[in-house]
Amino acid sequence: MPVVMDADRMGRTLARIAHEILERNRGVDELALVGIRTRGVPLARRLARAIFEINGHDVPTGALDITLYRDDLMRHAVGPQPLIRKTEIPFSIDDKRILLVDDVLYTGRTIRAALDALIDFGRPKAIQLIVMVDRGHRELPIKADYVGKNLPTSLSQSVQVHLQEIDGRDEVEIQES
Amino acid sequence: MKKDLLSINDLTRDDIYLILDTAEAMREVGERPIKKVPTLRGRTIVNLFYEPSTRTRTSFEIAEKRLSADTLNIAVATSSVLKGETLVDTALNIEAMAPDMIVLRHASSGAGHLLSRICRSRIINAGDGMHEHPTQALLDAFTIREHKKRLDGLKVAIVGDLLHSRVLRSNVLLLTTLGACVWVSGPATLVPRGLDQLGIRVTTSVDEAVVDADVIMMLRIQQERMQGAYFPSIREYFTTFGMTRERVARAKPDVIIMHPGPMNRGVEIASDVADGPYSVILQQVANGVAVRMAVLYLLAGEPEVAD
């Protein structure tokens, strides 16, 4: 299983994205981070910390579970229902610039569900997408605004982002399945 | 999860925790500006109620709507049942219109089991006679866990009409499965035979039942189901079994008081207890929606195949 990103590289990538966010968005007051469960959440927290280290500003951070919005949920019921975890967005998203964070961008269907979910919480001024890895193979017209690493893959491969908070190590690896 | 939810016995311990955890996430949906998610879009749910109900029917309907299911309510008072149609015929006719789920409330114990055998639709028991009311027990457990952070090892005193209560049966099955210590108390005439076989303590002394209780759960005196004289008078019942502030004082200082509703104030519960600081009665109602959303969502998956 080739490792394509180690802990050191991941740390520098997040720092770079934090700088890009500040470069693209004048006025941090309007910014808020929303991580998509599961691994988007710790990534969003780390970006909030990185932004704080740069300019001392606390960017509000939330967690979004998109299970209830999945487009494959009720199409063909196979096996038990996926587990639903709590969505926690403890601030109003109205007129905010929402930075949506996920680990891997693939078909785009998760992001489609996340956009639908976010719109139910209010009317943000803008939504920007941050992903650690873009592995291609989009099935919907969705594009990331900030990408940690573009990773050309084949459909038979799978990309795993491991994070300290959940998996005990920081690493991105490609697996042949 | 099995195909239907007829009894707490249909659920394993893990199923119960899965429902309670899912309900935590569902509750958040009810706190949003737009209290609706598209999860059950295109599913049809029929609420078939043969008995009067405000709370349960409203709660199911709100839960269904928050999940975007198409719902319709059949209140027997305005249906062909009055023209003499049997439950089976009514169910088969509804079934012919291909709903995905039927939520059934019926005065006869086992009505849900009967429909379960003849219907392809998922059946959810919303109260069958004197048998069970599983979603009530689940929302009670959810409310207890919210306050006590756990269920195992808690002392739960259930007081009132033990004979006619489906809420009692579902709660006893659920609470004992999760390791709570259950005491029940009521007039000897309203204690069904064999109740002590369920792994609970039975006493006719309310004062004994509530000592050091973490939770006091009151049951309604169900006069509509009482043909005989089970106790001399309402006043005497209240004196001997009614929940008063003096009795609440025997429980733990952080006791919570529950009631599945509708309450008979001054019969099983004093008004100052029902409205007092320990009362979580309205929280039970609020939690009912989240718990029913969880049940509807989880039952919409593929049922486990029986071995």
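## Conventions

Helix axes are lines fitted to C-alpha atoms over the stretch in contact, and angles between N-to-C directions run from 0 to 180 degrees. Helices (H or I, at least four residues) and strands (E, at least two) are DSSP runs numbered from the N terminus.

The model is predicted: local features need pLDDT of at least 70 and side-chain atom pairs count only at pLDDT 80 or more, while totals for chains, interfaces and linings use all residues. Residues are numbered from 1 along each chain as its sequence is written, and chains are lettered from A and ligands numbered from 1 in the order in which they are written.

## Helix packing in chain A

In chain A, helix 1 (residues 7-24) packs on helix 2 (residues 40-55) at an angle of about 65°, the axes being 9 Å apart. Helix 1 of chain A is therefore roughly perpendicular to helix 2 of chain A (65 to 115 degrees; under 35 is roughly parallel, over 145 roughly antiparallel and the rest oblique).

Residues are in contact if their C-beta atoms, placed from the backbone, lie within 7 Å. Helix 1 of chain A contributes residues including A:Leu14, A:Ile17 and A:Ile21, and helix 2 of chain A residues including A:Leu47, A:Ile51 and A:Ile54. The contact comprises 10 nonpolar, 2 polar and 1 charged residues; Ala, Val, Leu, Ile, Met, Phe, Trp, Tyr, Cys and Pro count as nonpolar, Asp, Glu, Lys and Arg as charged, and the others, Gly among them, as polar.

## An exposed residue and the chain contact

A:Arg12 lies in helix 1 of chain A. It counts as exposed because it has 12 C-beta neighbours inside 10 Å (exposed means 12 or fewer, buried 20 or more, and partly exposed in between). The C-alpha atoms of A:Arg12 and A:Asp116 are 31 Å apart.

Between the chains, 17 residues of chain A are in contact with 19 residues of chain B. The chain A side divides into 9 nonpolar, 4 polar and 4 charged residues.

## Helices of chain B

Helix 2 (residues 55-66) and helix 11 (residues 281-299) of chain B cross at roughly 55°, their axes coming within 8 Å. Helix 2 of chain B is thus oblique to helix 11 of chain B. Among the contact residues are B:Phe60 and B:Ile62 of helix 2 of chain B and B:Val289 and B:Met293 of helix 11 of chain B.

In helix 4 (residues 111-118) of chain B, B:Ala111, B:Gly112, B:Leu115 and B:Ser116 are buried. These residues lie on the same side of helix 4 of chain B because they cover an arc of only 140° around the axis, taken from the directions from the helix axis to the C-beta atoms.

Technical notes. Two residues are in contact if their C-beta atoms, placed from the backbone, lie within 7 Å.
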